[in-house]
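Subject: Structure handover

Hello,

Here is the structure we talked about. Please keep it open while you read the notes below.

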Amino acid sequence: MNILVPSLIYAGDTVVFDVPAFKDAIGTNIDSGSYTLTWYARTNTASEGATIVGVAEGDGWRITVPSATTAGFDAGNWTWQAIATLGSVQYTAGRGQFTVKATAQYTGTPGAFDDRSRAEIDLSYVEAAIRTLAQGGMVQEYTIGGRSLKRYKMGELLQLRDDLKNEIAMERKAERIRQGLGNPGLAKVRFR
C-alpha cells in the first residue's frame, strides 16, 4: 500500500494526505465503512507526538494534521504509523518516517535560527578541531587522576571531515530532487 505522507514537514504547516482502503492477509476489505483509522506520529523526545483520527474519503481515509499540531513538532526525524481498528481487531495500514524542519516564520524581533543539518553542524565542529590541532592547541592524550583521554588524530579528523562532506552532498542532492530541480549527478546526452 502506498500512503503518501510527506517526507519533509515544516513545523506550523497543515499536512493533508489520504490513506487508501486495503485488504488483510486473507483478502478481507479494511475500509472506512467499517474501520476507524488513527495516524500516530512520534519522535525521540518524551511527551512529543500526535494522534489524528482519519475521516472517510471514498472507501479510505483522509488525515489532516492541523498547523496548530505541527507547530509543536520538534525539528528532527519522526516515525508515523497508521492503524485501522474495528473493536479489538487492529491492522497496520502503513508505517514510515518523515523529517520536521523548524519554520523560518516569526513575529516581532527574530531570534537566532540555525537551519543546518546535523551533518553540517558536525562538519563545522570537525573543521574547528582540525584548525585547533594544526595550530598545536590540542594534546593527543592526557591522564588526570588515573583517568585518560585520547583525542582524534589528524588523519581521523580529515577522514571524518571527508565523510561529512559526502553526507552533506547527498543531502543536497536529495533536496534538489525533492524540489523537482533534477538529479545534479545525472547527465543526459542525445546522439544524432
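Aromatic pairs come to six in this predicted model. Rings of Phe, Tyr and Trp (its six-membered ring) pair if their centres lie within 6.5 Å; planes under 30 degrees apart count as stacked, over 60 as edge-to-face and the rest as tilted. One aromatic cluster is formed by Phe17, Trp39, Phe73, Trp78 and Phe98.

Some ground rules. Residues are numbered from 1 along each chain as its sequence is written, and side-chain values use heavy atoms, with hydrogens and water left out. As the model is predicted, local features need pLDDT of at least 70 and side-chain atom pairs count only at pLDDT 80 or more, while totals for chains, interfaces and linings use all residues.

Strands next. Helices (H or I, at least four residues) and strands (E, at least two) are DSSP runs, numbered from the N terminus. Two strands pair if DSSP finds at least two bridges between them.

Strand 5 (residues 36–42) runs antiparallel to strand 9, with seven bridges. Within that pairing, Ala41 faces Trp80 of strand 9. Strand 5 also pairs with strand 6 (residues 49–53), antiparallel, over five bridges. Here Trp39, a member of the aromatic cluster, stands opposite Ile52.

The hairpin of strands 5 and 6 has six residues between the strands. Ser47 sits in that loop. Its phi is positive, near 65 degrees, in a residue other than glycine. Is Ser47 buried or exposed? It is exposed, because its relative accessible area is 83% (buried means under 20%, exposed over 50%, partly exposed in between; 1.4 Å probe, protein chains only).

Strand 9 and strand 10 are antiparallel, with eleven bridges. Asn77 has Thr99 of strand 10 as its bridge partner. Their hairpin has two residues between the strands, and Gly87 takes a positive phi near 65 degrees. Strand 10 also pairs with strand 1, this time parallel, over three bridges. Tyr10 is opposite Lys101 there.

Now the largest pocket. Its space is about 780 Å³. On a 1 Å grid over the protein atoms alone, a pocket is an open set of points where a 1.4 Å probe fits, with protein on both sides within 12 Å along at least five of seven lines; lining residues have an atom within 4 Å of a point. Grid points are joined across faces, edges and corners, and the volume is the space filled by probe spheres set on the points.

The lining has 25 residues, with Thr99, Lys101, Arg116, Ser117 and Arg118 nearest the centre. Two or more residues each come from strand 1 (8–10), strand 9 (76–86), strand 10 (89–101), helix 2 (118–134) and helix 3 (154–178). Helix 3 gives the largest share, six residues. By class, the lining has nine nonpolar, five polar and eleven charged residues (Ala, Val, Leu, Ile, Met, Phe, Trp, Tyr, Cys and Pro count as nonpolar, Asp, Glu, Lys and Arg as charged, and the others, Gly among them, as polar).

Thr70 belongs to helix 1 (residues 67–70). Thr70 counts as buried because its relative accessible area is 0%. A polar atom of the Thr70 side chain lies 3.0 Å from the backbone nitrogen of Gly12. Phe191 is in the segment after helix 3. Phe191 counts as exposed, with a relative accessible area of 77%. Its C-alpha atom is 43 Å from that of Asp115, 76 residues away along the chain.

Best wishes

Note on methods:
A polar contact is a pair of N or O atoms within 3.5 Å; within protein, one must be able to donate a hydrogen and the other to accept it, and residues adjacent in sequence count only if both atoms are side-chain atoms.
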